[in-house]
Amino acid sequence: MPTIRLAAAAVNQTPVDWHGNLARVVRAVEAARAAGAGLVCLPELCLTGYGCEDLYYSRGLRRRALESLEELLPHTEGVAVAVGLPLEIDRALYNAEAILADGELLGFALKQHLANDGLHYEARWFNPWPAGVVAMVDAAGATVPAGDLVFDFASGAGGEAVRVGVEVCRDAWVPGRPALSLAERGVSLLLNPSASHFAFAKQTIRQSLAREGAAAVDGVFVYTNLLGNESGRSIYDGGAMIARSNAGAEPEIVAAQRRFSYADHTLLLADLGVRAARPPAAAAAAARSRFDLSLPQAEAPPLPESQRDQVATKYEEFSRAAPLGLLDYLRKSGARGFVLSLSGGADSAACAVLVWLMARFAIDELGPQGFADRLQRVDGLAGATDARAAVARLLTTVYQGTQNSSDATRTAAAAIAGAVGAEHHEWDVDPLVEGYTRLAGEALGRPLTWETDDTALQNIQSRARAPGVWMLANVKDALLLTTGNRSEASVGYATMDGDTAGGLAPLSGVDKAFLRDWLGWMEKEGPRGVGPMPALAAINAQQPTAELRPLADRQTDEADLMPYDVLDAIERSVIVRLEEPEQTLAGLEQAFPGHAPEQLAEWVDRFRRLWRASQWKRERMAPGFHLDTHSVDSRGFRRWPILSGSG
């Protein structure tokens, strides 16, 4: 049984960044070859970037992808490479993984099962390739096979071949996955190049699929993924892994990569015995290569120490996914920093902490100079040796008080800004609020009062805060962060052109109940290797409140809406599972026996009414990160009509 040094490379790509994408792929391939790898697997569609959306319709994109492939070929001398790109065949587009070896293009394995749910709309651009079919295509100056294809490689002095098969991402997630037929065709080494976006607890599912894939082919399974915030909404956690079957025992993950890296690429290596291809039970369309995958007789470079992923809890995952998303959004947008209206409440405090965590993790991994190189447009960052010093260059916060603001939130905002190191300011926006209120009263011919104009008087305070922070962001060439969470977005508990003002909403993918729990965890425990942030005690001691009504009213979010844990449960029933009101209510009565059924029914009705009425708001909200099993982003998990009936 030959021993093969296998490599799985995760890369941080950007749609249609032709020079950058190719350069990062080349560096990953060269690093794998230098490490003695015989085969390196790179993610699906990594030459173009996965999130190209309707740019896939462009003939220019399809042409440039093949040109990148041709440019990559000379860099594959001495190594076999699997790399993803779109491929046009007979005027139809397919998601392809090209297999190259020692400067030669061997062929293309084509994706058979398209991701077309949740965030994914692959069937808008791609066609699924039928099982058992192979076509001939012209690419990179050669005529090669493409389709449901396997690849035979030499394997040492015995003259036997190692047979390699490919499942492209979603192929591994379906019943009757291609691995089963590939096993019948003699495959013992199975590759899974993916663009699998991050979601809480998803890595556990991937690990199960990896073990099942190894068992299916009674051999080795190699998984790799994209890395970072590729195109704005989706965050990719990397997390490459290699699994193998064990005779008479459960298949195991033998190598796993640390997730959420800030590097351009990461490389996972493992030396594994891979059995030679068995005589196939079914006819196999195979592309053959004389290139020998097995380790050479000469001593190969030693394997690096394993960096096993230790990010297990939902709190840890959020603490690492959102900061990685922030850094890539900042650098890929070309902005020079962040501006944040820091209210002294939970949401804005969470945004400030995420920026600090971004700096902390990036400096820990890349070093101060590496972090500065990552964000070259941020002035003065090169001299920042720790996270607080970096945040002083990256983040500007403003507390914008009115007569309805409390000393508690003012003090809490200053405490958080100080803890993370932000440049902090305090403004009084009462003159602006009073001016707009007077103008509206003059137009109406009457004064505005809380008894008759409650919503308008709340909203104008929020809207009066937007122009000043927008101006700061413009002057500083910075991204204005908006602080809304998913719970607020689902019921429209936000002021358009007020607290929704901004270019990026880093919290919009998570619910308020989770955020409050996470802030409590950050105060007392914090991420592995980082520890707690005690300054959050001033935030966690408060009940969430918009502070838009007079202080004597003791306004709270949950009094305006409903308990946040109930809201989250209703949201998952109505939006994720698309359940009818009776089903939602039955689930709530079981989950929340402490609330009267009549009260729960009222909250269900309120949620459904507010959801329908606020779709226009979700259409206008800033883009945010997909972090959970679902989102309410109008371009994400659920498309919803702007106008709809009671349903």
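Author: Not counting residues up to four places away in sequence, Ser245 touches Ala214, Ala215, Asp218, Gly219 and Pro251; contact here means heavy atoms within 4.5 Å. The model is a predicted one, in which local features need pLDDT of at least 70 and side-chain atom pairs count only at pLDDT 80 or more, while totals for chains, interfaces and linings use all residues. Residues are numbered from 1 along each chain as its sequence is written, and side-chain values use heavy atoms, with hydrogens and water left out.

Ser245 belongs to strand β14 (residues 241-246). Strands (E, at least two residues) and helices (H or I, at least four) are DSSP runs numbered from the N terminus. With a relative accessible area of 17%, Ser245 is buried; the term means under 20%, against over 50% for exposed and partly exposed in between, with a 1.4 Å probe and protein chains only. One of its neighbours, Asp218, also makes a polar contact with Ser245, side chain to side chain, at 3.1 Å. Such a contact is a pair of N or O atoms within 3.5 Å; within protein, one must be able to donate a hydrogen and the other to accept it, and residues adjacent in sequence count only if both atoms are side-chain atoms.

Elsewhere, 8 strands make up an open sheet of mixed pairing, ordered β6-β7-β5-β4-β3-β2-β1-β16; two strands pair if DSSP finds at least two bridges between them. At its edges are β6 (134-139) and β16 (265-273), each of which pairs on one side only. From one strand to the next, the twist averages 30 degrees. Between β6 and β7 there are 6 bridges, and the two strands run antiparallel; Val137 has Val144 in β7 as its bridge partner. These strands form a hairpin with 2 residues between them, and Ala140 in the turn has a positive phi of about 50 degrees. Strand β5 (residues 104-110), by contrast, runs parallel to β7 (residues 142-147), joined by 2 bridges. Ala109 is bridged to Gly147 in β7, and Phe108 stands opposite Ala146 of that strand.

Helix α1 (residues 18-34) lies across β1 (3-11), β2 (39-41), β3 (80-89) and β16, at about 35 degrees to β16. Helix α2 (residues 59-72) packs on the sheet against β3, β4 (92-101), β5 and β6, and its direction makes about 155 degrees with that of β3. Axes are lines fitted to C-alpha atoms, for helices over the stretch in contact, and angles run from 0 to 180 degrees between N-to-C directions.

The largest nonpolar core has 68 residues, with Phe318, Phe371 and Trp518 making the most contacts inside it. Such a core is a set of buried Ala, Val, Leu, Ile, Met, Phe, Trp, Tyr and Cys residues joined through side-chain atoms within 4.5 Å. Its largest share, 17 residues, comes from α6. Beyond its neighbours within four places in sequence, Trp518 is in contact with residues including Tyr315, Phe318, Ala350 and Leu357. A second, separate core of 53 residues includes Ala28, Leu61, Val83 and Ala146.
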